[in-house]
Amino acid sequence: ADKLRELVLYGNTFGNDGVAALAQPLASHETLEVLDLSGAGLTGAGVGALLAAFEDPAHPLKVLTLGGNTLGPNGRAGIEAFEARHGKRLDIARDEGDETGEEKKGEEGGIGDLAGTKAAVQAA
């Protein structure tokens, strides 16, 4: 059976409520390693709801791309707390316009290179 490993939803402005509605179904994919929600209209509260769905420490999520959202200090604190609880570090790729003001396009060869892709799904 095909397993969802990477989901790119770049530029789909779901907002906090939309991402909250998607969070649990996305977390149910036990093979999802890469999730791109760049430009989804998220705030710190939306990130909290998203990460709550991925609380199972065994979940393989490794890369969460959140560039172009307004996460603010609360969102970043929520991400850091999540990482501390799970003893792992998510690769939080960023792009222009994120809450830190950094102008970084993600890790070379990583999910940040998919900035022009909308709703691309890759399955193994």
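I take helix axes as lines fitted to C-alpha atoms over the stretch in contact, with angles running from 0 to 180 degrees between N-to-C directions. I work on a predicted model, in which local features need pLDDT of at least 70, side-chain atom pairs count only at pLDDT 80 or more, and totals for chains, interfaces and linings use all residues. I number residues from 1 along each chain as its sequence is written, and side-chain values use heavy atoms, with hydrogens and water left out.

Entry: helix pair. I looked up H2 (residues 44-53) and H3 (residues 72-86) and found a packing angle of about 20°, with the axes 7 Å apart. The two helices are therefore roughly parallel to each other (angles under 35 degrees). I noted the crossing of H2 past H3 as right-handed (the near helix is turned clockwise from the far one by less than a right angle).

Entry: residues of the pair. On the H2 side I listed Gly-44, Val-47 and Leu-51, which meet Asn-74, Gly-75, Gly-78, Ile-79 and Phe-82 in H3 (contact: heavy atoms within 4.5 Å). I sorted these residues into four nonpolar, four polar and no charged, with Gly counted as polar.

Entry: whole chain. I recorded three helices and four strands, in the sequence order β-α-β-α-β-α-β (DSSP runs: H or I of at least four residues, E of at least two). Of the 124 residues, 40% are buried (under 20% relative accessible area, 1.4 Å probe). Among contacts with a separation of 6 or more, I found that 78% join residues 24 or more positions apart. I noted an accessible surface of about 6300 Å², 50% of which belongs to carbon and sulfur atoms (Shrake-Rupley method, 1.4 Å probe).

Note on methods: Buried means under 20% relative accessible area, exposed over 50%, partly exposed in between (1.4 Å probe, protein chains only). Angles under 35 degrees count as roughly parallel, over 145 as roughly antiparallel, 65 to 115 as roughly perpendicular and the rest as oblique.
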